[in-house]
Amino acid sequence: MKNILVLVVVLCVGFSFFYACAQKEEEKEMPKMDPMAQLQKSIERGMALFSDTTLGTSGLTCNSCHMEGGTREGKMGDQTLAAFDNLGAKYPKYFMMAKRVMTLDQVVIYCIVNPLKGKPPAWDDQKLTDLTAYVASVKPMKMEKEK
Ligand code: HEC
C-alpha cells in the first residue's frame with residue numbers, strides 16, 4: 001500500500017516536471033508576437049521595396065513616379081501625382097487609370113504590372129503585403145506654408 005502511494009507521488013511529481021518543461025519549450029519556439037512591431041517591420045520592408053528595380057523589368061521603381069516614397073507630389077511625364085495621404089482609409093475607391101473600383105493592394109499590383117512591367121504577385125505574396133502596408137502608412141510631408 002505504502003509502495004503504491006510512493007509510486008503515485010513520484011509519478012505525479014515526474015509528470016508535472018515534464019509538463020512544465022514541455023511548456024517552457026513551447027514558449028521558446030513561439031516568441032511572443034507583438035502585432036504593432038510586426039506591422040512596423042512590414043512597413044519598413046515595403047519602404048525598401050519602393051526603390052527596388054527587381055519588382056519589374058522596366059528599370060523603374062515605385063520611387064520613379066511617387067517621389068520620396070510617395071511623401072511628396074510625384075511626376076509622370078507632365079502629369080502631377082498627388083502625395084500618398086492616408087490611403088488605407090481611402091480605398092476601395094474608383095481608380096481612374098484602370099477605370100474601375102479597386103482595393104489598395106489591387107492598385108499596388110496595377111502599378112507593378114503596368115509602369116514597372118513586372119509579374120503580378122500572388123494574393124499572399126509577402127512583397128505585396130509589405131508594399132501595401134507601406135503605402136497605407138504614408139502621411140504626406142507638411143508643405144512649407146503649413147509649418
Ligand atoms: C510610371 C509611373 C509610376 C510608377 C513607376 C508607379 N506608379 Fe503608382 N501610380 C502612377 C499613377 C499615374 C497613378 C494614378 C495617380 C492618380 O490617380 O492620382 C498611381 C497611383 C498609385 C497609387 C494610388 C495613389 C492614390 O492617391 O490613390 C498607389 C498606392 C501606387 N500608385 C503605388 C505604386 C507602387 C507601390 C509602385 C511600385 C510598385 C508604383 N505605384 C509605381 C504611376 C506610377
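**View 1. The crossing of helices α5 and α6.** The crossing of α5 and α6 is right-handed; a crossing counts as right-handed if the near helix is turned clockwise from the far one by less than a right angle, and as left-handed if anticlockwise. The model is predicted: local features need pLDDT of at least 70 and side-chain atom pairs count only at pLDDT 80 or more, whereas totals for chains, interfaces and linings use all residues. Residues are numbered from 1 along each chain as its sequence is written. The axes of α5 and α6 come within 9 Å and cross at roughly 110°; axes are lines fitted to C-alpha atoms, for helices over the stretch in contact, and angles run from 0 to 180 degrees between N-to-C directions. α5 is therefore roughly perpendicular to α6, a term for angles of 65 to 115 degrees.

**View 2. Residues joining α5 to α6.** From α5, L104, D105, V108 and I109 meet L128, L131, T132, V135 and A136 of α6. Two residues are in contact if their C-beta atoms, placed from the backbone, lie within 7 Å. The residues of this contact divide into seven nonpolar, one polar and one charged. Ala, Val, Leu, Ile, Met, Phe, Trp, Tyr, Cys and Pro count as nonpolar, Asp, Glu, Lys and Arg as charged, and the others, Gly among them, as polar.

**View 3. Helix α2 against α6.** The axes of α2 (residues 35–49) and α6 come within 7 Å and cross at roughly 95°, which means that α2 is roughly perpendicular to α6. Residues of α2 that meet α6 include L39, I43 and M47, and those of α6 that meet α2 include L131 and Y134. By class, this contact has seven nonpolar, four polar and three charged residues.

**View 4. The shell around the ligand.** The ligand is surrounded by 21 residues, the closest being C62, C65, C111, P115 and V135; a residue is near a molecule if its C-beta atom, placed from the backbone, lies within 6 Å of it. The elements giving two or more residues to the shell are α3 (62–65), α5 (104–113) and α6 (126–137). The largest share, four residues, comes from α5. By class, the shell has 19 nonpolar, two polar and no charged residues.

**View 5. The elements of the chain.** The chain has six helices and four strands, in the pattern α-α-α-α-β-β-β-β-α-α along the sequence. Helices (H or I, at least four residues) and strands (E, at least two) are DSSP runs, numbered from the N terminus.

Notes: Angles under 35 degrees count as roughly parallel, over 145 as roughly antiparallel, 65 to 115 as roughly perpendicular and the rest as oblique.
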